[in-house]
Amino acid sequence: MKTVNDQTPADGQAIDLPRPFLDWFAKRGWRPRAHQLQLLARSQAGESMLLIAPTGAGKTLAGFLPSLTALAGRPRRKPGERHRGVHTLYISPLKALAVDIQRNLKMPVDEMGLNLAIETRTGDTPPHRRQRQKLVPPEILLTTPEQLSLLIATKDAARFFEDLEFVILDELHSLVTSKRGHLLALALARLRAFRPDLRSIGLSATVAEPDELRRWLVRQGPHGEIHLSGLIEVASGAAPQITILQSRERLPWAGHSARYAMAEVYEAIKRHKTTILFVNTRSQAELLFKELWNINEDDLPIALHHGSLDVSRRRRVEQAMADNSLRAIVATSTLDLGIDWGDVDLVAHIGAPKGASRLAQRIGRSNHRMDEPSRAILVPANRFEVLECQAALDANYLGAQDTPPLRDGALDVLAQHVLGTACAGPFFADALYEEVLGAAPYANLSRDLFDQVVQFVATGGYALRTYEQYAKIRRTEDGSWRITHPRFAQQYRLNAGTIVEAPMLEVRLVRAGRGPNARGGPILGKIEEGFIESLVPGDTFLFSGKTLRLEGIREASCFVSKADDTDARIPSYAGGKFPLSTYLADQVRTMIAEPKRWDALPSQVSGWLELQKEQSILPAADQLLVETFPRGDRNYLIAYPFEGRLAHQTLGMLLTRRLDRARARPLGFVATDYTLGIWGLMDMGRMLEDGKLTLDGLFDEDMLGDDLEVWLDESFLLKRTFRQAATIAGLIERRHPGKEKTGRQMMISSDLIYDVLRSHEPNHILLRATREDAAQGLLDIRRLGDMLARIKGRIVHRRLDRISPLAVPVMLEIGKEPVVGEAQEALLAEAAGEAETAKLT
Amino acid sequence: MSVAQQRQENPYGEIELAGQALVADWAGCLYWPAEACLIVSDLHLEKGSSHAVRGRFMPPYDTGVTLTNLAQRLAVWAPKRVICLGDSFHDDQAVDRLPTRYRAQLRSAMAGRDWVWIAGNHDPGAPAGLAGAAALELACGPLVFRHEPSAGTVSGEIAGHLHPAGKINRRGRSVRRRCFAGDGERLIMPSFGAFTGGLNVRDEAFDGLFEPERLCAWMLGDHRVYRIGGNDLVR
């Protein structure tokens with residue numbers, strides 16, 4: 001593959017650009033870059049293109065150049081002539097990014113005197129402007145995937161898009177990995193049906209598998225033929241300077257707070273103009289922010305930014321950031337994507353970055369120009385994270401990138417799209433099926449599954465066909481499917497989109513001692529209902545940088561008062577916990593196996609590995625180490641697969657079932673990103689030596705067969721996934737602010753629906769969608785399967801008489817796991833005054 | 001104590017109400033031995049199909065599940081009389097929508113016993129085409145059965161309507177289950193229907209219904225009832 005290395009202007013090349021563009025470049029003393037001209041030329045020749053370039057390479061301008069030059073050459077609309085449809089669509093994953101682009105695009109367009117209407121359409125666009133946009137479409141419309149889906153579901157969609165020439169997809173690498181991406185792919189297929197010659201332009205950061213994105217940008221063949229868009233790759237600019245914080249303090253074994261390093265982080269902030277501190281979860285953000293303020297003797301302006309905070313608070317922080325009036329900002333992934341920030345000269349990553357591309361993306365934030373290296377420090381929170389940070393660092397220097405593997409298009413998303421299509425007008429199943437096959441994620445969809453999805457949309461798709469009379473869409477005499485009542489279109493609009501958030505409560509600040517009678521109070525932000533429900537009034541937690549005490553809950557609000565900052569309980573948000581990426585896991589395993597690479601590690605960590613080598617063994621990169629040892633009145637089995645917490649959890653569930661059958665009497669397990677620890681009553685080490693257990697049998701791939709099926713059917717994890725799938729597919733109404741009260745009374749709990757469906761129609765399409773989601777997300781079954789295949793015949797066992805150095809971190813995690821199933825009954829029994837009969841294990 | 005030993009213990013809750021001994025079944029029904037009477041509340045039959053009318057196609061099996069559960073409990077207790085404490089049907093048209101096989105299932109459950117339909121807010125009228133007596137409320141010895149708990153002090157009232165659920169916090173974790181809620185004078189039944197949710201007994205809807213010091217919840221576990229004192233119940 002050819003890579004454009006030339007960052008500099010395209011010297012000596014004939015520059016084929018309309019006059020206003022040449023003048024504009026000349027006036028600024030700039031020349032278009034080679035990749036910009038290449039993209040223009042190939043796009044003008046009718047190709048759809050993928051541009052992969054690092055931050056600061058002029059990606060946005062490159063993406064818009066084909067559209068802008070075409071628009072510059074288009075004859076003006078004469079007075080009295082009808083309004084033309086939208087010419088160019090720009091899709092971004094973030095509203096804020098669309099707004100940002102509008103600003104950045106307006107300047108050159110105005111300076112060239114092109115006189116083009118460039119408008120945004122997001123959830124915040126007022127109704128009168130939406131209406132006007134429909135009547136008088138702008139030349140360039142900047143919007144989000146959800147808004148696009150809503151647009152194509154309207155009756156005048158074909159008219160609105162009849163002049164569409166270009167669709168530009170920004171941050172494509174982040175869009176394609178989720179259900180949002182599936183919905184967008186389907187919308188794109190619809191646009192191609194309106195405009196077969198539509199050219200798409202994808203803009204992406206570096207990815208491991210560019211071909212997956214290239215497929216995404218063009219129509220796939222109806223018989224599984226693979227089509228690819230064109231590709232232009234721009235090499236990275238100056239290599240970033242990344243270091244791991246060399247702490248003088250003692251590195252902790254476990255935990256995620258990095259509290260030990262606060263003083264050193266604070267010193268780094270003082271030495272730089274502006275620092276962004278990234279963390280992986282919102283609770284870490286809260287904690288870090290508080291720790292920094294505790295030692296902020298110089299009263300530096302330090303701010304907090306995460307998705308649970310009230311929007312106006314976030315906007316104020318963003319503005320302060322743009323004004324360069326902050327010295328540091330503590331942030332989560334809400335700041336991840338390509339929004340421009342002021343004079344950031346240092347990125348600090350607290351905790352391990354969990355994935356090499358995530359790290360690259362975040363470091364791109366520092367020093368937004370290609371020719372200058374950006375600076376970053378990594379602050380590992382525990383010893384395993386030191387290994388992970390070092391691996392990430394090596395990976396970044398190597399230019400290695402990893403993104404999650406793309407999965408097949410989700411069926412719940414397809415159901416939403418089918419209803420949306422019907423809202424726009426009648427459709428024929430044959431034609432829609434072929435159209436859907438053109439969308440890369442759905443290229444392998446069988447006709448049978450497609451028909452099941454249509455049946456689901458029509459009447460729920462149940463074997464017991466009792467809902468025919470209430471059908472939402474119905475096949476009419478001419479063979480087309482039509483929506484049966486306009487109210488279903490209204491319902492579709494209220495429930496469209498694929499982002500299903502956990503139910504949230506508003507956090508309102510009131511005076512202390514108000515208890516359950518609290519009312520009103522300013523809103524600090526939103527917090528997961530599930531978290532608040534685990535608290536009792538009087539409990540304290542960190543939120544919005546403050547220690548708060550819960551006063552009471554009423555309807556959709558929880559009331560809090562300010563509390564002493566001594567003993568806050570930390571919010572344990574469900575979101576934001578990424579598992580260790582496959583690529584980094586490989587790197588960490590290799591590093592452990594190669595002592596010569598330990599020189600780069602802090603001596604505390606290399607010493608720890610040395611000790612492990614003496615007292616147990618260090619596995620080779622392709623081996624799985626299993627240790628067994630007694631401790632207290634329990635026996636432990638510790639495995640080190642390094643496959644991420646999700647895959648380890650699944651493995652833990654399945655292994656304990658097997659151990660139970662083998663009468664090893666397992667009692668529980670705990671999973672971290674690196675390690676799985678199982679404990680039980682029997683001496684599993686001896687059982688292995690006596691041949692009563694075999695490792696090859698225990699870790700055999702066949703656990704992903706029947707054992708998995710049986711476990712899945714009993715698993716509470718699936719209920720959460722089901723709720724999401726059922727909401728996206730339109731079975732369950734979304735909660736809308738203000739309607740919650742009536743909503744809650746009307747709603748049937750998704751758990752109850754799940755139970756009934758599972759026992760009566762285990763093959764229902766929504767259960768199928770749920771299992772696929774779980775297998776690819778929550779349970780990481782694909783990864784577990786790859787791991788089991790990889791370690792086959794390469795498992796090494798060490799029977800120890802005591803805990804090994806490598807096992808210490810996971811042993812410290814024991815007891816932090818939530819209770820489920822049997823253990824819930826134990827809690828009830830305990831509360832019922834029978835503590836002695838059912839001690840928690 | 002082993003799990004097996006626990007199973008041998010009485011899995012039911014013992015409740016005393018206005019001097020009468022009652023048995024709380026873990027499935028959510030109540031047995032009154034002195035009268036050989038079984039009480040169930042809030043069956044909400046055909047709740048699933050009531051959503052279908054508005055384009056929300058819930059699995060059309062909730063009625064079947066509810067009736068099957070009921071049949072099992074009838075087989076266990078073999079009551080002479082059954083009192084359905086209101087909201088037996090989810091709406092006015094629910095009886096008409098009842099599929100034939102479920103109608104048959106219900107008829108066979110009713111066969112050979114006294115059956116009383118107490119009126120609920122969802123089903124104020126007597127179910128058309130079904131046997132059994134219909135009543136707004138029913139007094140029987142020291143006990144009175146009605147759908148909605150009455151305001152003020154009562155003695156021996158058994159009601160439904162509110163779908164009580166209890167929640168406890170232990171070791172930093174919480175567990176929430178449907179429950180019977182009572183104070184010795186009034187007892188509110190959990191809902192029995194497959195698609196019915198629960199309302200926390202600490203919700204304001206329960207304000208003034210119980211003597212706070214005597215409040216008790218019999219929470220429904222897996223095949224076991226747990227008696228939880230009012231002090232342990234949280235919002």
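I take buried to mean under 20% relative accessible area, exposed over 50%, and partly exposed in between (1.4 Å probe, protein chains only). Helices (H or I, at least four residues) and strands (E, at least two) are DSSP runs, numbered from the N terminus.

**Entry 1: ground rules**

I am working on a predicted model, where local features need pLDDT of at least 70, side-chain atom pairs count only at pLDDT 80 or more, and totals for chains, interfaces and linings use all residues. Residues are numbered from 1 along each chain as its sequence is written, chains are lettered from A and ligands numbered from 1 in the order in which they are written, and side-chain values use heavy atoms, with hydrogens and water left out.

**Entry 2: helix α6 and chain A overall**

I looked up α6(A) and found it mostly covered, with seven of its eight residues buried. The buried ones are P145(A), E146(A), Q147(A), L148(A), S149(A), L151(A) and I152(A).

I use contact for heavy atoms within 4.5 Å. Among chain A contacts between residues at least 6 apart in sequence, 73% join residues at least 24 apart.

**Entry 3: helix α17**

I listed the buried residues of α17(A), residues 429-437: A429(A), L432(A), Y433(A), E435(A), V436(A) and L437(A). What do they pack against? I find α9 (179-194), α16 (411-424), α18 (447-459) and β16 (481-483) of chain A.

**Entry 4: domains 2 and 3**

I read the domain assignment of chain A as domain 1 (3-234), domain 2 (241-398) and domain 3 (504-562). These bounds come from an automatic or database domain assignment.

I checked where domain 2 of chain A meets domain 3 of chain A. There, 11 residues of domain 2 are in contact with 12 residues of domain 3. The two domains bury about 850 Å² between them, 53% of it on carbon and sulfur atoms. Buried area here is the accessible area (1.4 Å probe) that two parts lose on being put together, summed over both. E286(A), S308(A) and R313(A) supply 49% of the area that domain 2 buries against domain 3, more than any other three residues.

How many salt bridges run between domain 2 and domain 3 of chain A? I find zero. A salt bridge needs a side-chain nitrogen of Lys or Arg within 4 Å of a carboxyl oxygen of Asp or Glu. Helix α12 (residues 282-294) of chain A gives the most to the domain 2 side, with five residues.

**Entry 5: salt bridges**

I searched the whole structure and got 40 salt bridges over all chains.

I looked up K134(A) and D156(A), whose side chains meet in a salt bridge (3.7 Å, N to O). K134(A) is in helix α5 (residues 127-135), and D156(A) is in the loop between α6 (145-152) and α7 (157-160), 22 residues apart. D156(A) is partly exposed, at a relative accessible area of 34%.

Next I took E643(A) and R589(A), where the closest N and O atoms of the salt bridge are 3.4 Å apart. E643(A) sits in the loop between β23 (634-639) and α23 (645-661), and R589(A) in helix α21 (residues 582-593), 54 residues apart. Buried or exposed, E643(A)? At 5% relative accessibility, E643(A) counts as buried. R589(A) is buried too, at 7%.

In chain B I noted R146(B) with E157(B), closest N and O atoms 2.3 Å apart. R146(B) is in strand β9 (residues 143-146) and E157(B) in strand β10 (residues 157-159), 11 residues apart. R146(B) is buried at 16%, and E157(B) is buried at 0%.

I located W30(A) in the loop between α1 (19-27) and α2 (34-44) of chain A. W30(A) counts as partly exposed, at 45% relative accessibility. Leaving aside neighbours within four places in sequence, W30(A) is in contact with W24(A) and F25(A).

I placed E506(A) in strand β17 (residues 504-509) of chain A. E506(A) is partly exposed, with a relative accessible area of 23%. The C-alpha atoms of E506(A) and S557(A) are separated by 4.5 Å, though these residues are 51 apart along the chain.
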